[in-house]
Amino acid sequence: RVLEVTNFMPPHPGGLERMVETLVSGLRARAHQVRWLASATPEPPGQSGHLFRIPAWNALEERFSIPQPIWGPFGFARLVSLCRWAEVIHLHDCLYASSTCALAVARALGRPVVVTQHIGAVPFGRALDRVQTLAYRTLGKTVLEAADRVVTYSPHVIEFFAKLGVHKRLDLIRLGFEPRFRPPTDSERERWRDSWQFEPGAKTMLFAGRLVPKKGVDVVVEVQRRMARE
């Protein structure tokens, strides 16, 4: 019996949400019992099968692109109930309030905890960057070192936390996804370029991601400027 705890779940956009969606699907396909708890945004609160969406205040993301929803009393009550049900609790990222609360409940109940650390430093701006570093050195370090196991799928995350003085071992486990994309055939490429009225041989660029600073939108803008000049 596995409880997954995240800030959000689809249809909220984000790579973490898609990764956990794939993980939950894979675990259920292997006959594990899985329940997933997250804030309701943008769906209404409620339960849909193994998915549990709870009401949360999400102004930090709406105003500052900081994905840190704040759960209400009902969310904590639901968290305690699901932690009692679970045999292992899987948290995602160490700075989220959902992870901190779930870790505390799990420890009180004697449940083992696994943390997947998806990211290292995320650029928000000078002041927020300093706050983020301080949070990683204090709260983040505490959560990671209190977990039974910590894993990541990015080598740079291991290096980042080692520099911060985190002594907990981070195991590298590569992501596994069902194939979703393939290169287009020459005829498909020509047809799509014609549909967008691209000139033959014109350079094209595709950006796939949310329009937030941490996705490197500034690099996209610079590439567009260079392409325009050429």
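**Close-up 1. Gln197, in the loop between α7 (186-195) and α8 (217-229).** Gln197 is exposed, with a relative accessible area of 71%, where exposed means over 50%, buried under 20% and partly exposed in between, with a 1.4 Å probe and protein chains only. The place of Gln197 is in the loop between α7 (186-195) and α8 (217-229), and the residue has a positive phi of about 60° although it is not a glycine. The helices (H or I, at least four residues) and strands (E, at least two) named in these legends are DSSP runs, numbered from the N terminus. This is a predicted model, in which local features need pLDDT of at least 70 and side-chain atom pairs count only at pLDDT 80 or more, while totals for chains, interfaces and linings use all residues. Residues are numbered from 1 along each chain as its sequence is written, and side-chain values use heavy atoms, with hydrogens and water left out.

**Close-up 2. Ala31, in the loop between α1 and β2.** Just after α1, Ala31 takes a positive phi of about 75°, and Ala31 is a residue other than glycine. Ala31 lies in the loop between α1 and β2 and is exposed, with a relative accessible area of 69%.

Close-up 3. Helix α1 (residues 15-29) has 15 residues and reaches 21 Å from its first C-alpha to its last, close to the 21 Å expected at 1.5 Å a residue, the expected span being 1.5 Å times one less than the number of residues. Its buried residues include Leu16, Met19, Val20 and Leu27. The buried residues of α1 pack against β1 (2-5), β2 (34-39), β7 (88-92) and β8 (113-116), a contact being heavy atoms within 4.5 Å.

**Close-up 4. Strand β7 and its pairing with β1 and β8.** β7 is mostly covered, since 4 of its 5 residues are buried. β7 pairs with β1 in the parallel sense over 4 bridges, and β7 also pairs with β8 in the parallel sense over 4 bridges; two strands pair if DSSP finds at least two bridges between them. Leu3 has Ile89 in β7 as its bridge partner, while His92 has Thr116 in β8 as its bridge partner.

**Close-up 5. Two cis peptide bonds.** The peptide bond from Pro10 to Pro11 is cis, with omega near 15°, and Pro11 is found in the loop between β1 and α1. A cis peptide bond also joins Thr41 and Pro42, with omega about 0°, and Pro42 is found in the loop between β2 and β3 (46-48).
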